[in-house]
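Subject: The structure you asked about

Hi,

Here is the structure for you to look at. Open it up first, then read my notes alongside it.

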Amino acid sequence: MKRMVIPLLFVGIVVIALGAVAYVVVQTLKPPISYDELTRLQDEGEQAAPEIPRVVACLDVNDEALRAQAAETLSKIGPKSVDAVRAKLASGNPKTRYWAVLTLALLGPQAAAATNDLLPLLKDGDAAVRYKTVYALGKLDVRSGVVLDGLVNALSDSDPSVRETATEV
C-alpha cells in the first residue's frame with residue numbers, strides 16, 4: 001500500500017504543476033482585448049480613451065490581424081492615444097515598432113507631436129520599419145528642416161520600398 005501512495009502522490013504533484021503551467025501559458029497567449037471589443041471601441045471613438053492601455057498592448061501580440069485592428073481602433077480614439085503609441089516606438093520587437101508607426105500614420109497630423117520620436121526610426125535596422133516611418137512622416141504633414149533632411153536621406157536607403165516611398169512623400 002505504501003508503495004502505491006508515493007508514486008500516486010508524485011503523479012498528483014506533477015499533474016498540478018502541469019496544470020499551473022498550462023494556465024500561465026493560456027493567460028500569456030490570450031490577447032489583452034478581443035476583436036469584437038476593438039470593433040465596439042472604434043464606434044465609441046474618443047469615449048474609448050480609458051481603454052487605450054489595453055488596445056496599445058495588442059501591438060505587442062503576435063497576431064497581425066489583431067495588431068491591425070488595434071491600430072485602427074487607436075486612430076479612431078484619436079490624439080489621446082498618441083503618447084501610449086509613442087512608447088511602443090522603443091520596443092525591441094520590430095513588428096511592434098512597425099505597428100506603432102503605422103498607428104501614428106493613421107492618426108495623421110493629430111500625431112505630429114510624435115515627429116521627433118519617429119526620426120530615429122529612419123535608421124532602424126528593419127527595412128519595414130524604415131519604410132513605414134517615411135510613410136508616417138508624410139502623413140503627419142510636418143514640414144521642418146529636420147524632417148526634410150531625414151526624407152532626403154531616405155532617398156538613398158538600401159531598401160527600394162523606402163526609397164520609393166521617400167519620393168512619394
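Below is what I found in it, starting with the overall picture.

First, some ground rules. This is a predicted model, so to speak: local features need pLDDT of at least 70, side-chain atom pairs count only at pLDDT 80 or more, and totals for chains, interfaces and linings use all residues. Residues are numbered from 1 along each chain as its sequence is written, and side-chain values use heavy atoms, with hydrogens and water left out.

**The overall picture**

The protein chain has 10 helices and 0 strands. Helices (H or I, at least four residues) and strands (E, at least two) are DSSP runs, numbered from the N terminus. Of the 169 residues, 38% are buried; buried means under 20% relative accessible area, exposed over 50%, and partly exposed in between (1.4 Å probe, protein chains only). Among contacts with a separation of 6 or more, 63% are between residues 24 or more positions apart, where contact means heavy atoms within 4.5 Å.

**The core**

Which residues have the most contacts inside the largest nonpolar core? They are Leu74, Leu104 and Leu118, in a core of 43 residues. A nonpolar core is a set of buried Ala, Val, Leu, Ile, Met, Phe, Trp, Tyr and Cys residues joined through side-chain atoms within 4.5 Å. Helix 6 gives the largest share of this core, 8 residues. Not counting residues up to four places away in sequence, Leu118 touches Leu89, Val101, Leu104, Thr133, Ala136, Leu137 and Leu140.

Have a look at helix 2 (residues 35–44), where Leu38, Leu41 and Gln42 are buried. These residues are on the same side of helix 2 because they cover an arc of only 105° around the axis. (The arc is that of the directions from the helix axis to the C-beta atoms.) Asp36 and Asp43 are exposed on the other side of helix 2. The buried residues are covered by elements including helix 3 (52–57) and helix 4 (64–77).

Now try helix 10 (residues 160–168), with Val162, Thr165 and Ala166 buried. Seen down the axis, the buried residues of helix 10 fall within an arc of 105°, so they line one face. Thr167 and Glu168 are exposed on the face turned away from that buried side. Cover for the buried residues of helix 10 includes helix 8 (127–140) and helix 9 (145–154).

**A buried arginine**

Leaving aside neighbours within four places in sequence, Arg130 is in contact with residues including Leu121, Asp124, Asp157, Asp159 and Val162. The C-alpha atoms of Arg130 and Asp159 are separated by 8.8 Å, although the two are 29 residues apart along the chain.

**Rings**

There is 1 aromatic pair in the structure. Tyr98 and Trp99 form this edge-to-face pair, with 5.5 Å centre to centre and 80° between the planes. (Rings of Phe, Tyr and Trp, its six-membered ring, pair if their centres lie within 6.5 Å; planes under 30 degrees apart count as stacked, over 60 as edge-to-face and the rest as tilted.) Trp99 is buried, with a relative accessible area of 10%.

Cheers
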